[in-house]
Amino acid sequence: MLSKRVIACLDVRDGHLAKSVRFVDTKNIGDPVAKAREYYEDGLDELVFYDITASSERRRIILDVVEAVAAEVFIPLSVGGGVRSVQDATDLRLAGAEKINVNSAAVRRPALIAECADAIGSQNVVLSMDIRQVTPDQRHPSGYEVVIDGGRTPMGMDALAWTRQGERLGAGELVVNSIDADGTRQGYELNLTRKISEAVRIPVIASGGAGLPAHLFDVLTEGKADAALVASMVHYGDYTVSGLKSYLHGRGVKVRMSW
Amino acid sequence: MIVDYDAGNLRSVQRACREVGLDAVISADAEEVRRAERIIFPGVGAAGSAMQSLRATGIAGALTDAYRAGTPILGICLGLQISLDHSEENDTETLGLVPGSVRRFRLTDPALKIPHMGWNAVDVVRRHPVLADVQPGDEFYFVHAYFPSPANRGHVLAEADYEGRFCCALGRNNYIATQFHPEKSGRVGLALLKRFAEWDGHA
């Protein structure tokens, strides 16, 4: 049986970890490579870099970061943030990213998913979705809508319908990020995660809301997610990757325990 | 050397080799394949287009020659699948270094996803120098929808479980191959690559 995965997400701005993330281990402040290495050595199953660089130099900067991390970290590396074309995806792959996350650009132009799947293989195309709960109506029968641009722009699209369309177009995996749960540390959005996981046959990564180890347990069992994404929980030093995995293992969740 | 036949990202394999002290060059030249001291044959993608590319470049013949000459060869993922006789994927005739075929997962449990993607335990069922460091319970990273089914049980080196056991490492003489990705499998994967770097080709 496959193990459930614990994935850490690092936001990178201008080649440094985003300021919104505070780190307790001062020697690692600002250095995505050192942080990635630390998590890798502590048993992380997969790493996601999210590029939030705004400058025009963004592509070169994130490529340098990916290249430096890929030289030291030998687990799957996923990169997202501003991927708009097959060229963006193949550049990142060449720099050492295994998987490419597409989000807003795919909502605006769904064909991007199919183009990327053709170029780099379905299994390497991750459709990342920011989702918000709404009152169910004709346009949003599931009661969830897709928002883009970091949660600012609602698109009038039903989240479940978009999920299925993404799978059909060739996405190999989904990141389900709940805008409502994000940052609350009150737990993942279990209902949303389970609905989506039951609607598709590709793996689902739950994102947004993790604050306690029990939240990971809940989303990997009740929420039926294949992987749980963590950020501030481990970035602030409250928990370690190995500690989270030991906890899950102790509660009977199959996770990779030797590394 | 690492064989380049337009089938995926070879630099991650090269980086992992470098990490264990193996200086590997990437080459798409059939003559270089024949002359190589040691060969890694990776690959992701579809069997059909991969075989077309291997035949068009002459690498298919070069790999078979290198195998017959006793060069240590490591196949990874699609590289493994192409070493058998036939693949269900695109109904493709493949290299035939190891007798057997490659089949698609047919799962009954709707909760199990295809491709089989993620970390899974690898059980060594036959001792092999390249797998010497793999301990019970060690997990490796997999991404695949098809799995190898060698005709000769003696060629199966390791198995994994995904609604039933399947062969995830096979070997014959100086050829060894893994369905999983040692270059993405952390310390245990690097240890496997290091063993391959030191292997003399005798099982």
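A salt bridge is defined here as a side-chain nitrogen of Lys or Arg within 4 Å of a carboxyl oxygen of Asp or Glu. By this criterion, a search of the whole structure finds 26 salt bridges over all chains. The structure is a predicted model, in which local features need pLDDT of at least 70, side-chain atom pairs count only at pLDDT 80 or more, and totals for chains, interfaces and linings use all residues. Residues are numbered from 1 along each chain as its sequence is written, chains are lettered from A and ligands numbered from 1 in the order in which they are written, and side-chain values use heavy atoms, with hydrogens and water left out.

The interface between the chains was examined next. The size of an interface is often given as the accessible area lost when the parts come together. Buried area is taken as the accessible area (1.4 Å probe) that two parts lose on being put together, summed over both. Chain B and chain A bury about 2,900 Å² between them. Of this area, 50% lies on carbon and sulfur atoms. In terms of contact (heavy atoms within 4.5 Å), 31 residues of chain B touch 36 residues of chain A.

Side chains of opposite charge can pair when their charged atoms come close. Four salt bridges are counted between chain B and chain A. E67(A) and R11(B) meet through their side chains in a salt bridge, at 3.6 Å from N to O. A polar contact is a pair of N or O atoms within 3.5 Å; within protein, one must be able to donate a hydrogen and the other to accept it, and residues adjacent in sequence count only if both atoms are side-chain atoms. Between chain B and chain A, 17 residue pairs are in polar contact, both residues being at pLDDT 80 or more.

Secondary structure follows DSSP runs: helices (H or I, at least four residues) and strands (E, at least two), numbered from the N terminus. On the side of chain B that touches chain A, α1 (11-19), β8 (116-121), β10 (139-144) and α6 (186-198) each supply at least two residues. β8(B) gives the most, with six residues. By class, that side of chain B divides into 13 nonpolar, seven polar and eleven charged residues. Ala, Val, Leu, Ile, Met, Phe, Trp, Tyr, Cys and Pro count as nonpolar, Asp, Glu, Lys and Arg as charged, and the others, Gly among them, as polar.

Axes are lines fitted to C-alpha atoms, for helices over the stretch in contact, and angles run from 0 to 180 degrees between N-to-C directions. A crossing is left-handed if the near helix is turned anticlockwise from the far one by less than a right angle, and right-handed if clockwise. Helices α3(A) (residues 86-95) and α5(A) (residues 111-120) pack at about 40°, with axes 9 Å apart. Their crossing is right-handed. V86(A), A89(A), T90(A) and R93(A) of α3(A) meet L112(A), E115(A), C116(A), A119(A) and I120(A) of α5(A). This contact has six nonpolar, one polar and two charged residues.

Helix α5(A) also packs with α6(A), at an angle of about 30° and with axes 8 Å apart. The crossing of α5(A) and α6(A) is right-handed. I113(A), A114(A) and A117(A) of α5(A) make the contact with W162(A), G166(A) and L169(A) of α6(A). It has five nonpolar, one polar and no charged residues.

Helix α6(A) (residues 159-169) packs in turn with α7(A) (residues 190-199), at about 35° and with axes 10 Å apart. L160(A), T163(A), R164(A) and E167(A) of α6(A) meet K195(A), I196(A) and A199(A) of α7(A).

Some local features remain. E41(A) forms a salt bridge with R37(A), with closest N and O atoms 2.7 Å apart. E41(A) and R37(A) are separated by about one helical turn because they lie four residues apart in α1(A) (residues 32-41). In chain B, a cis peptide bond joins I114(B) and P115(B), with omega about 5°. P115(B) sits in the loop between β7 (100-104) and β8 of chain B.
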